[in-house]
Amino acid sequence: MNFQFSSHGLSKQDRRLQRFLEIAPGLTTWTILVGIVTLAFWQPIWAALVIIAFDLYWLLRIFYGIIFLLLAYLRLSIEQRTNWLDRARALDHPEEYLDELEKADPKDRREKISLWIHKREVRTLMRSRLFPLAFDDVHHLVLIPVVKEERNVFEPGVQMLARGPYPAKRMVVVLAVEERAGTAIKDSALAVQDKFKDAFLDFLVVFHPEGLPDEAQVKGANVTCAAKMARRRFEELRIPFEHVIVSCFDADTVVSEQYFACLSYYFRVNPHRNRASFQPIPVYHNNIWDAHGFAQVMEMGASFFLLTETTNPEKLVTFSSHSMSFKALVDIGYWPVDMISDDSSIYWKAFNHFDGDYRTIPMYVTVSMDVVDAGSWWATVVSVYKQKRRWAWGVQEFPIIIRAFLKNKSIPAWTRVRLAFRFFERHIAWATWSFLLTIMSWLPALLAEREFSSSFVYYSSSRITSVIFTLSYVILFILCVLSLCLLPKKKVRFGFLKQVGFVLQWVLLPVTYILFSALPALDAQTRLMFGNYLEFWVTGKHRGRRVPSNIARCV
Amino acid sequence: MTLLRRVVFYILLVTYLITCPLVILYALGYGYNPGHAPHITKMGVISLSTVPSGASVYLGRSRFTEKTPTVIMDLFPGDYLLKAFLKDHRPWARTVTVEPGKATVFEDVLLVPKNLRQDTIAPDSFDDILVLERASFCLLAKGTKLKDMLVFYWRKEKTRPLLAAGSPHEEDRLIEIFHAPRSPMLVLRVKSGSGEKILKLSLHGSRTTVKEFSDLMAGAPAAIFWARGAENDLFALDDGRLFRVDVSSKKTYMLFGEQVQGAGIFDDRLYVIKSNRVLRTDQDGENIELLLDDLELGEKLFDGSRDFQIEKLEDSTLLFWEKDGRLIANRFPFQLAGDGVRGVTALEDKPAMLFWRKESIGVVDFSREKIESDDAFEKTAKPRWIYTRGSDIQQVFRLLGGTHVLFRDGNGVYLLEAFSGPESGARFIVEAKEKSDVLFEEASGKLFYLAPGSGKLSSVELLQKDLFASVKRTFESEKTAVRNELDELSIFKSRLK
């Protein structure tokens with residue numbers, strides 16, 4: 001269905017609906033927070049009971065998440081030794097390959113599980129009869145947007161592409177540089193192009209002009225411009241769009257060696273390859289040992305979140321660096337050029353365009369990015385806050401998705417209701433949970449007057465809340481262990497004490513999440529509610545004094 | 001994986017749907033009573049904290065695992081014998097009635113040491129302790145002459161002479177002391193060879209500066225008061241007239257020329273009872289606001305009597321106390337006690353106060369009671385008698401935020417739990433010298449008294465300096481210090497205006 005995936009250029013009626021839907025998330029969040037505070041004042045017993053019910057719900061929800069986080073981590077570690085390139089190539093002859101797989105003798109339990117999953121995927125492909133094009137025909141378009149990142153931020157990523165095991169000659173790399181970036185950055189982009197141009201099929205540097213009509217200063221506009229230029233190049237090279245997988249990275253993204261092999265495999269094995277996005281696991285290891293503690297915890301939380309989500313492909317939405325069929329990208333009209341959260345909005349745009357026949361395929365391979373580090377502690381606090389607010393600004397998609405769902409009757413009604421509710425609930429939870437758990441849980445007891453403090457509930461609620469929080473420490477412990485497991489193993493300069501410090505930072509989780517998760521989300525929703533729209537803000541990332549951490553651990 | 005997710009989801013959903021109502025019912029106090037007739041009943045809770053903490057708790061014959069402060073949950077309604085034991089302290093026991101869905105709270109129960117530590121502080125013999133309300137010192141008197149008076153700083157337990165040697169006022173005899181809470185100044189009415197004099201004594205460190213201002217006063221004032229921080233602006237009540245005395249410029253201004261029945265100063269505003277009306281003015285007697293203009297009610301309450309003292313509580317409640325007479329409040333039902341009130345003391349941080357008569361001690365709590373939907377009439381503040389077995393109660397001190405009361409009845413000093421019934425017994429602490437006052441200050445945790453017979457200044461340690469008590473005392477004294485600073489700041493600000 002053709003739908004203008006934008007909040008601009010709307011009819012009067014649509015504008016009114018859009019405004020109402022912009023108000024809804026912020027209003028709901030504030031109603032919950034103010035409601036609980038009011039209840040704690042006027043009916044503390046009721047407030048205590050509501051909070052107990054919520055705490056229990058939260059505990060079970062976290063427990064549910066942890067189960068699948070562990071499973072996803074297991075899958076990630078199982079696939080560490082997988083030779084994706086061999087698997088991707090072998091799909092040229094799926095029938096014979098399946099016979100080979102049936103006869104294969106896995107060495108250990110890990111290989112056994114990996115092989116079992118792999119066989120299932122190949123069988124699904126066989127059943128669909130939608131066989132992929134030849135391995136040698138698959139081409140990759142890699143888009144790297146640059147705004148004000150210096151050469152030492154984006155060059156390692158390009159270098160990894162050029163020297164990785166995947167044939168670089170089947171890649172077209174585009175450095176999408178903003179015209180406003182400044183001469184030094186433009187020159188460094190051209191220098192990198194000059195250095196690596198022979199390594200790839202082609203290496204373009206595209207300067208995105210400022211102030212194009214209907215565009216905002218957002219990443220989506222920059223990469224759309226670059227993708228349009230790349231389209232011309234593919235047309236010149238006579239490469240069909242169906243043969244191209246586009247990967248849109250951040251400037252600081254360093255993909256693992258296996259990334260493109262893994263991507264090619266999933267693209268080929270999936271029968272719906274041109275109606276799918278491919279989502280790797282983002283980790284923030286480039287500068288993990290140099291970053292400030294709270295920033296490490298926040299980024300690790302983002303990795304865990306996506307790792308958990310990979311176990312639920314039905315509801316998985318693209319996040320940060322990811323890949324997709326170039327044909328699908330061209331069909332839907334590229335990224336939204338006026339929205340900040342381009343990573344998830346491209347999924348929703350495609351989902352609506354293809355009437356629900358669009359999906360995100362999880363890939364158990366990592367892409368590594370920088371933890372926000374703006375130099376000083378305070379500057380990093382501000383940067384992390386603004387980055388998370390930008391992420392939370394994804395709530396601006398809510399009115400557009402709802403408007404699209406209201407118009408698109410081709411998507412089953414239940415699917416539309418389910419997805420809309422999930423989107424809404426997720427953003428409300430983002431802005432409220434930390435406040436409810438950390439502050440509101442104790443509010444009835446703190447505000448207790450004589451009547452409440454002499455009731456049984458006053459004592460029992462504190463005890464129940466304490467028990468629930470004690471149980472949550474088990475979950476915190478699991479998160480600590482997992483975060484250590486996910487860390488790059490071949491550390492060059494840092495030892496045991498640094499790891500201890502890393503674990504201890506998890507103790508600050510409640511405060512960190514209020515300041516850098518709930519508060520930015522509340523800020524974003526409130527801004528949207530009052531029509532105070534966010535301008536694009538570029539996250540500060542520095543690597544000057546450091547050698548990037550070795551990412552050989554990444555799968 | 002999708003199937004697994006669904007299975008786990010539904011398992012957890014069912015878990016939640018079962019667990020949540022059960023947990024909420026438990027939170028409300030519902031529990032299964034497996035007695036001879038098993039049934040579901042609403043439970044109660046006992047909360048007990050002691051000073052010092054760490055006492056073993058017994059409920060009936062069962063010893064509770066946790067030590068004080070502790071909460072004993074999940075008790076079925078009924079009577080329980082609750083006991084607290086701490087080594088070297090007298091045991092504490094109460095029969096507690098646990099009510100369904102309610103908490104019975106015993107906060108800061110004071111465990112008195114078995115052997116009270118008694119120390120002699122000064123080797124000299126004294127006739128009396130002259131206690132000054134909310135001051136960091138008191139006076140020790142060996143006689144009635146000013147040279148016989150010592151200043152006793154109870155926090156440091158140090159004494160010094162009231163006047164420097166060779167002071168021209170050494171031979172003056174004390175008739176009356178006037179003092180304002182927390183002020184480092186005293187106003188003395190003394191008798192010398194040349195007649196009666198009024199002296200202003202400023203006690204700063206080891207020095208006392210004396211200034212006479214008898215010439216500014218018409219006669220012997222019934223009361224002199226001032227705002228802390230404004231020690232040169234005094235207010236004197238004399239024969240139904242109210243004067244403002246500016247000691248620095250040596251001028252006297254008459255604010256009200258007749259029918260003044262009592263006055264006080266709070267937050268830089270004067271409160272005056274005049275002609276059975278209550279009014280509030282600025283310190284120059286201008287900008288008068290009538291707080292009670294109902295003459296009929298005023299006559300009924302104040303009855304033209306003089307010598308009312310005015311107190312102001314935390315929540316702006318005003319108390320009007322007639323020495324050895326009535327106790328009146330500006331809150332319904334107005335008259336709290338009809339006669340014989342010997343003293344009043346406010347409870348800090350609460351709109352409540354203690355007052356006492358010859359044989360009884362009462363508490364009035366002005367916290368607003370909520371009007372329940374089935375209440376026909378608004379609940380009013382009523383005196384609650386916490387002790388009625390006294391014979392000659394002279395002094396009352398509050399302890400631990402008003403949970404306990406220390407009082408002098410005749411020569412004996414007793415300790416009482418404020419939440420026990422009026423017929424409950426008070427614990428004897430110590431005997432003081434006949435007709436001499438005692439001093440208790442919570443910040444020191446000690447009771448100061450004159451030993452019977454010898455008249456030596458002695459002390460008994462009631463609140464031991466354990467961690468809890470010291471932290472609490474530090475907090476309280478810091479809070480008081482900050483409050484004092486704020487008071488001074490606001491006074492300074494108002495003066496600047």
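Mentor: Let us start with burial in chain B. A residue is buried if 20 or more other C-beta atoms lie within 10 Å of its own, exposed if 12 or fewer, and partly exposed in between, with C-beta atoms placed from the backbone. By that criterion, 33% of the 497 residues of chain B count as buried. This is a predicted model, in which local features need pLDDT of at least 70 and side-chain atom pairs count only at pLDDT 80 or more, while totals for chains, interfaces and linings use all residues. Residues are numbered from 1 along each chain as its sequence is written, and chains are lettered from A and ligands numbered from 1 in the order in which they are written.

Trainee: How many helices and strands are there in chain B?

Mentor: Helices (H or I, at least four residues) and strands (E, at least two) are DSSP runs, numbered from the N terminus. Chain B has three helices and 41 strands.

Trainee: What is the order of the strands in the open sheet of three strands?

Mentor: Two strands pair if DSSP finds at least two bridges between them. In chain B the order is β6-β3-β9, with mixed pairing. Because β6 (70-75) and β9 (103-110) each have a single partner strand, they stand at the edges, and one side of each lacks a neighbour in the sheet. Strand β3 (residues 44-51) of chain B runs parallel to β9(B), and six bridges join the two. One pairing is that of B:S47 with B:V105 in β9(B).

Trainee: Is A:Y347 buried or exposed?

Mentor: A:Y347 has 21 other C-beta atoms within 10 Å, and is therefore buried. It belongs to helix α12 (residues 342-353) of chain A. For its surroundings, two residues are in contact if their C-beta atoms, placed from the backbone, lie within 7 Å. Neighbours within four places in sequence aside, A:Y347 is in contact with A:S277, A:V317, A:T318 and A:T360. A:W335 is twelve residues from A:Y347 in sequence, with a C-alpha to C-alpha distance of 9.4 Å.

Trainee: How many residues of chain A are in contact with chain B?

Mentor: On the chain A side there are 26 residues, in contact with 28 residues of chain B. Helices α2 (44-78), α17 (450-453) and α18 (456-486) of chain A each supply at least two residues of that side. The largest share, eleven residues, comes from α2(A).
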